Amino acid sequence: MIAELSSPFLLYGAVGCLLIGMGLYSLALHTHVYRRILAWNALGGGVFLFLGAIAKRNAYGGSSDPLPQALVITGIVVSVSATALALAIARRLQTEERGNGA
Amino acid sequence: MTRDLALTSVLLVPFLGVIGTLLLPERLRRPFSFLVTTLVLAAVGALAVSLRDAFRYEISGWGAPLGIDLHVDGLAVAMLLLTGTVAGAVSAYADGHYRDGSSQKPAAGFWPLFFGLWGSLNALFLVSDLFTMYVCLELMTFSSVALITLAKDAQALRAALTYLMTALTGSLAYLLGVAILYGEMGTLDWTLMSPVPGDDPVAWMALSLMTAGLIMKGALYPLHFWLPGAHAIAPAPVSALLSALVVKAPFFILLRLWVQVWTDAPYASHVLGALGAGAIIWGSFQAIIQERVKLMVAYSTVAQLGYLFLAFPILETAARTADQAARQDAWEGVIYFALSHGVAKASMFLVTGLVVQATKTDDLRSLRGAAAHVPAAVLVWGLAGISLIGLPPSGGFIAKWQLLTSAIRFGLWPYAAVILFGGLLASGYVFRVLWYAFLAPDGSSAPKARVPAVMVLAALFLGTVIVLMGIRTADVFAVLKAGSPFPTVGAP
């Protein structure tokens, strides 16, 4: 049992699931927008780690399955742009609200 | 050859439009966006005309496991046609909307985002692997969120942020489902993994995650909270795109998954059906009590999306009957509903935009006298209204008729009752607007502004399409026959 747990894909998968759970919990808990964006990034990191675990599980010989790795790279590009867009909107919202409040 | 050219143009030309409208100087932007719109429409038309049977296309010759394949069938082409019709009308309308002196100058931001949205929708309807669908969904979300922020006030920014965070969480749920499914099936191509065995718990978990994510993005009833704010605050051409097309994209993926990949889901589909029934009743009641027209139309979208989710139990039952004609009727009715709702909802938002531009407010009471002032707008509202209620001659009538007969035929009486009751509720909000529009204007109302003719023409075009869809039904059904999951054997 312990030997199985220490195999890399199970470890990655378990950590990925932990990150997903933490991300979801913080997304549900927090209302502040920056915390929500961070929580969403943790959630995304968990999903990507899970994909990495699948790549490792499907390993053939010495090399991992390349397809999930390609998916992770594309996913990271998407999530960086998503974070940038969310931060840009949040910032403009903040300046807008400051301008009206002052 | 022509077919492949048309197919690649449908995918690539909108993205050329994105780059071109970003880089070209201001004076060339308008003719260029007109050119791109025409080219994409021509390509979609050529693809629809040349479609005989479902076919696959391998992008640059790479096969399924590594490359990205396109799967072109009747459903995909029908969605492309809907997107083209609505986007064409919206582009004409937006041209008038942003050239009019009264609105500011966000036209620079509108065109690249518009073509980005169009291109990502086209790609989403054509690709056959679930991960590329995820990328297209994200592209679509980014363009629509950025389009909402064109309204430029704090309220719009807040609505856009809520929408973005909800949609992003939904897409990660979808992505996790895709990851699990890849681990289980070893492929991302939905045509290769079909049919998934009904007793595989891991695949079911993947389906649940993907479905949960997609109904968050598609605003099914309990998860619709972001929709009314976002759709009502956006500028009129943007609202039309969001309500008519963007919410259809997650539904399209769900339809593929539940009908064409998981063919054996007897009880689970009733969960979606029950949520759909809740959406129809709750959304319609909310629409009836709204005092602002744009919010009313947005809640009407929540309600109408409910009908689309009634499709899942109906199609699931259809898959288990031997009656070929009944199965075909149910499948065509569902897709026809998506098409006719898209056209009707787009024209409703465009008409609301016209009235707002003329009277400077979207308060229901300010509509007094609209029938005398903007008669064309009220006419199109009426046409869109009869399509939403389901009265002939309109696309909505045909679609609702097919759904209703299928529900009765398969003995799904509760759904049939909800479909009929929903039509009654829809007439409540449609006629509420018409009631105010036909009241005599009171003397206190401010002098009305003129609206550019091209905006009225765009709305009238969509009104004509609604009526044509009620008359020339067979032409659309002929397209749907290609690659249908419920083929009629022996039919020509």
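Predicted model: local features only at pLDDT ≥ 70, side-chain atom pairs only at ≥ 80, totals over all residues.
Q: Why is Leu175(B) called buried?
A: Its relative accessibility is 1%. Buried means under 20%, so Leu175(B) counts as buried. Leu175(B) lies in helix H6 of chain B, residues 154–185.

Q: What is Leu175(B) in contact with, leaving aside its neighbours within four places in sequence?
A: Val47(A), Phe48(A), Phe131(B) and Tyr134(B). Contact means heavy atoms within 4.5 Å.

Q: Why is Ile19(B) called partly exposed?
A: Its relative accessible area is 48%. Buried is under 20% and exposed is over 50%, so a value in between is partly exposed. Ile19(B) sits in helix H1 of chain B, residues 2–23. With Leu16(B), Leu22(B) and Leu23(B), Ile19(B) makes a nonpolar surface patch of about 450 Å².

Q: What makes helix H10 of chain B mostly covered?
A: 11 of its 11 residues are buried. Among them are Pro237(B), Leu241(B) and Val246(B).

Q: How many aromatic pairs does the structure hold over all chains?
A: It holds 20.

Q: Why is the pair of Tyr307(B) and Phe337(B) called tilted?
A: The ring centres are 5.0 Å apart, and a pair needs centres within 6.5 Å. The planes meet at 35°. Stacked is under 30 degrees and edge-to-face over 60, so the rest are tilted.

Q: What does this pair tie together?
A: Tyr307(B) is in helix H13 and Phe337(B) in helix H14, so the pair ties together parts 30 residues apart in sequence.

Conventions
Residues numbered from 1 in each chain as written. Chains lettered and ligands numbered in written order. Heavy atoms only, no water. Helix = DSSP H or I, 4+ residues; strand = E, 2+ residues; numbered from the N terminus. Buried < 20%, exposed > 50% of the residue type's maximum accessible area, 1.4 Å probe, protein only. Patch = residues over 30% accessible without salt bridge, like charges linked within 9 Å, V, L, I, M, F, W, Y side chains within 5 Å. Areas by Shrake-Rupley, 256 points an atom, 1.4 Å probe, with all protein chains shown as cover. Salt bridge = Lys/Arg side-chain N within 4 Å of Asp/Glu carboxyl O. Phe/Tyr/Trp six-rings, centres within 6.5 Å; stacked < 30°, edge-to-face > 60°.
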